[in-house]
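The sequence and the structure come next.

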Amino acid sequence: QVQLVESGGGLVQAGGSLRLSCAASGRTLSTYSMGWFRQAPGKEREFVAAISWSGSRTYYSDSVKDRFTISRDNAKNTVYLQMNSLKPEDTAVYYCAAVLGSERRPTPDRRSEYDYWGQGTQVTVSS
């Protein structure tokens, strides 16, 4: 069992930056692919970014590519999402998720592919 806890959310002005963290307990994350998703009010939860278990491969949604960076520190059992040039449309609850790594799908981008989820952290971007 993997427990995930997100932190780092908050209120920021458009153009600003935030760094989200996702700390894991229960299992070492070094064999898990990790993903970030977000859910805005009234919308479906959508994929943001994913990283393979070693950190060598990453994948981003088109809406955040070149603005967000996913990274991980397996020694600290933590995954990060650096968010730059934030826009009001980035406002959402952000969730991290974990699934045992697979060469077939090293950076999953579908909700159904993940087995473990955190409780989420709110990010609000004001215009």
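Is S61 buried or exposed? S61 counts as buried, because its relative accessibility is 13% (buried means under 20% relative accessible area, exposed over 50%, partly exposed in between, with a 1.4 Å probe and protein chains only).

## Basis of the model

The model is predicted: local features need pLDDT of at least 70 and side-chain atom pairs count only at pLDDT 80 or more, while totals for chains, interfaces and linings use all residues. Residues are numbered from 1 along each chain as its sequence is written, and side-chain values use heavy atoms, with hydrogens and water left out.

## The chain as a whole

The protein chain has eleven strands and zero helices, in the order β-β-β-β-β-β-β-β-β-β-β along the sequence. Its radius of gyration is 13 Å, close to the 14 Å from the globule rule for 127 residues, so the chain is as compact as a globular protein of that length. Helices (H or I, at least four residues) and strands (E, at least two) are DSSP runs numbered from the N terminus. The radius is taken over C-alpha atoms, and the rule is 2.2 Å times the number of residues to the power 0.38.

The C-alpha trace spans about 40 × 25 × 25 Å along its principal axes. Of the 127 residues, 46% count as buried. Among contacts with a separation of 6 or more, 61% come from residues 24 or more positions apart (contact means heavy atoms within 4.5 Å).

## R38 in strand β4

R38 belongs to strand β4, residues 32-39. R38 counts as buried because its relative accessibility is 5%. The side chain of R38 makes a polar contact of 2.6 Å with that of E46, and another of 2.9 Å with the side chain of Y94. A polar contact is a pair of N or O atoms within 3.5 Å; within protein, one must be able to donate a hydrogen and the other to accept it, and residues adjacent in sequence count only if both atoms are side-chain atoms.

Beyond four places in sequence, the residues in contact with R38 include E44, V48, F68, D90 and V93.

G15 sits in the loop between β2 (10-13) and β3 (18-25). G15 is exposed, because its relative accessible area is 53%. Leaving aside neighbours within four places in sequence, G15 is in contact with S85 and L86.

G55 lies in the loop between β5 (46-51) and β6 and is partly exposed, with a relative accessible area of 30%. G55 and P88 are 29 Å apart in space, C-alpha to C-alpha, and 33 residues apart in sequence.

S61 is in the loop between β6 (58-60) and β7 (68-73). Leaving aside neighbours within four places in sequence, S61 is in contact with F47 and V48.

## Two residues with positive phi

D66 is not a glycine, yet has a positive phi of about 75 degrees. D66 is placed in the loop between β6 and β7 and is exposed, at 78% relative accessible area.

N77 is also a residue other than glycine with a positive phi, near 55 degrees. N77 lies in the loop between β7 and β8 (78-83). At 14% relative accessibility, N77 counts as buried.
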